Amino acid sequence: MQKVTDNIFLLVLFAMAGTFILAASFIFFFIKYQRRINLQKEAMQKAELDYGEQLLNATLLSQEEERKRIGRDLHDDVGASLSNLKMIMAQNIEAAPGKPEYKPLIDKIITTVRTISHSLSPPGLELFGLEYALHELFDSFNAPGALHLNFENELGEQLDSLGNQTSLALFRVIQELLSNTVKHAGAKNVLVKCFVQNGNAVVTYQDDGKGIAATASAKPGMGMQNIQARLKMIHAASEMATAPGGGFLIKIILQHKAAATI
Amino acid sequence: MDSKYFMGVIVPLSVLLPIFIGIIKLKALLPTARIILWYLFVSAILSAASVIMGRYFHENNMPLVHLYTVLEVLLFTWYYKRLSGASKTNVFYIVLPAAFIVLCIINAVFFQSIYTYSSYTRSVEAIILMMFALSYFAKMATGNSEKKVGKQPDFYFNAGIFLYFSGAFMLFIFSNFIAANLTKHNFLIIWNIHAALLLLMYILFSIAFFKCKK
């Protein structure tokens with residue numbers, strides 16, 4: 001029988017090193033595998049979030065398109081038809097005995113249709129910019145003795161070059177805030193201010209109404225959800241400050257992404 | 001540096017590092033980490049007893065290795081039972097340690113006396129613990145845990161267990177054989193490598209304790 005001359009010391013060393021390297025490699029590849037799985041999970045979550053955001057954007061955009069169409073139809077078709085009707089009736093009934101009081105009624109319908117049409121789609125926004133649209137909006141709320149609206153624009157012409165999507169979103173947010181103030185706050189004064197802070201365009205909305213009690217469990221209502229969705233759509237950050245009896249303040253920060261459209 | 005110094009002083013003392021971190025983070029320790037801390041206490045006590053017996057009383061300390069093997073399997077089985085979330089009455093975690101104790105008794109009575117190195121039971125122990133660690137990795141790979149691997153203390157415990165027992169497995173198998181056939185110098189080199197593996201396990205255990213958060 002051939003004599004075995006292998007060095008036992010080396011064989012044991014190799015065996016130990018071999019099993020150790022196997023185990024270490026296993027752990028190394030396990031970590032790599034887990035890291036890849038985690039990256040895939042993160043990518044999937046991000047894709048889901050992006051999809052949700054895109055869906056929200058699409059919903060809001062189609063909602064705006066639909067509002068614009070209905071507003072235009074109301075203004076162009078119904079408004080024009082009512083004006084025609086007023087003219088025809090003026091020609092035919094003017095001579096009739098008794099002269100029924102139809103004019104104020106038709107005028108009232110025309111005004112209502114125009115108001116609805118304007119609230120559905122602010123006509124001046126695309127043509128004259130956000131500042132004009134906001135002034136129009138404030139005029140519609142500025143009934144004597146009701147609410148005193150102040151508007152300070154330190155951004156100047158920059159406010160009108162925010163881009164269509166950002167301008168429309170800001171307009172809708174301020175419209176919603178005003179509506180909330182009128183319906184719930186019982187405020188006397190509202191101040192809307194636009195300015196630059198740390199290189200970002202900032203819009204603040206402040207009223208001196210009842211404010212809201214901030215409770216951890218309270219969920220935002222439909223209006224606030226709508227505001228948040230629209231701000232998210234234009235990548236704007238917001239900070240709120242409110243307390244019962246202490247009024248309401250929201251600060252909208254059009255961060256670098258949004259400010260880049262300026 | 002004398003090679004005996006590394007194997008006989010530095011590495012046995014290094015067990016104090018994970019124990020120290022474990023005690024500091026005691027309140028934040030996971031239930032599984034507490035079991036590992038118990039294991040380290042037992043390990044430190046038996047290691048100290050072994051050094052005292054061998055170095056100062058010049059007594060054969062091999063009976064302590066037999067005892068240590070049994071305690072190690074019992075504590076690690078407890079750890080894996082807790083890690084798997086198995087119920088108290090789970091048969092596997094009762095039968096396995098019981099069978100191992102019986103195996104150790106049979107081995108000590110019929111095959112390897114308590115005054116010789118228990119290479120058979122040490123090897124079986126290494127296989128059991130490697131299988132336990134592999135089962136943990138398999139569960140992690142197929143599970144849906146959102147937590148990153150590097151942030152999980154149990155990952156470091158298992159990495160330590162798996163690396164130590166894989167590296168030392170061949171030594172356990174051939175321990176009596178090399179004791180009889182190798183020169184003292186080479187014998188010490190092999191056992192120093194074992195000590196380095198043990199040190200690696202203690203370092204990984206220390207990281208695991210460090211990763212425990214409330």
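Q: How do the axes of H4(B) and H5(B) cross?
A: Helix H4 (residues 62-84) and helix H5 (residues 92-111) of chain B cross at roughly 170°, and their axes come within 10 Å. Helices here are DSSP runs of H or I with at least four residues, strands are E runs of at least two, and both are numbered from the N terminus. Axes are lines fitted to C-alpha atoms, for helices over the stretch in contact, with angles from 0 to 180 degrees between N-to-C directions.

Q: What does that make H4(B) relative to H5(B)?
A: Roughly antiparallel. Over 145 degrees counts as roughly antiparallel, under 35 as roughly parallel, 65 to 115 as roughly perpendicular, and the rest as oblique.

Q: Before we go on, is this predicted or experimental, and how is it numbered?
A: This is a predicted model, where local features need pLDDT of at least 70 and side-chain atom pairs count only at pLDDT 80 or more, while totals for chains, interfaces and linings use all residues. Residues are numbered from 1 along each chain as its sequence is written, and chains are lettered from A and ligands numbered from 1 in the order in which they are written.

Q: Back to the pair. Which residues make the contact of H4(B) with H5(B)?
A: From H4(B) they include His66(B), Val70(B), Leu74(B) and Lys81(B), and from H5(B) they include Tyr93(B), Phe100(B) and Cys104(B). Contact means that C-beta atoms, placed from the backbone, lie within 7 Å.

Q: And by class?
A: The contact of H4(B) with H5(B) has 10 nonpolar, 3 polar and 1 charged residues. Ala, Val, Leu, Ile, Met, Phe, Trp, Tyr, Cys and Pro count as nonpolar, Asp, Glu, Lys and Arg as charged, and the others, Gly among them, as polar.

Q: What about H6(B) and H7(B), what angle do they pack at?
A: About 155°, with the axes 8 Å apart. H6(B) and H7(B) are therefore roughly antiparallel to each other. Their crossing is left-handed, that is, the near helix is turned anticlockwise from the far one by less than a right angle (clockwise would be right-handed).

Q: Which residues meet there?
A: Among them are Leu129(B), Met130(B) and Phe137(B) in H6(B), and Phe162(B), Phe165(B) and Phe169(B) in H7(B). That contact divides into 13 nonpolar, 6 polar and 2 charged residues.

Q: Do H6(B) or H7(B) turn up elsewhere, say where chain B touches chain A? Which helices supply that side?
A: The contact takes 20 residues from chain B and 16 from chain A. H6 (119-142), H7 (153-181) and H8 (184-211) of chain B each supply at least two residues of chain B's side. The largest share, 11 residues, comes from H7(B). By class, chain B's side has 15 nonpolar, 4 polar and 1 charged residues.

Q: Switching to chain A. What is the strand order in its sheet?
A: The sheet is open, with 5 strands in the order E1-E2-E3-E5-E4 and mixed pairing. Strands pair if DSSP finds at least two bridges between them. E1 (148-153) and E4 (236-242) of chain A are at the edges with a single partner strand each, so one side of each has no neighbour in the sheet. On average, neighbouring strands are turned by 10° against each other, direction ignored.

Q: How many bridges join E1(A) to E2(A)?
A: 6, and the two strands run parallel. Leu149(A) has Val190(A) in E2(A) as its bridge partner.

Q: Which helix packs on that sheet?
A: H5 (residues 164-185) of chain A, touching E2, E3 (200-207) and E5 (248-254) of chain A. The direction of this helix makes about 15° with that of E3(A).

Key
Two residues are in contact if their C-beta atoms, placed from the backbone, lie within 7 Å.
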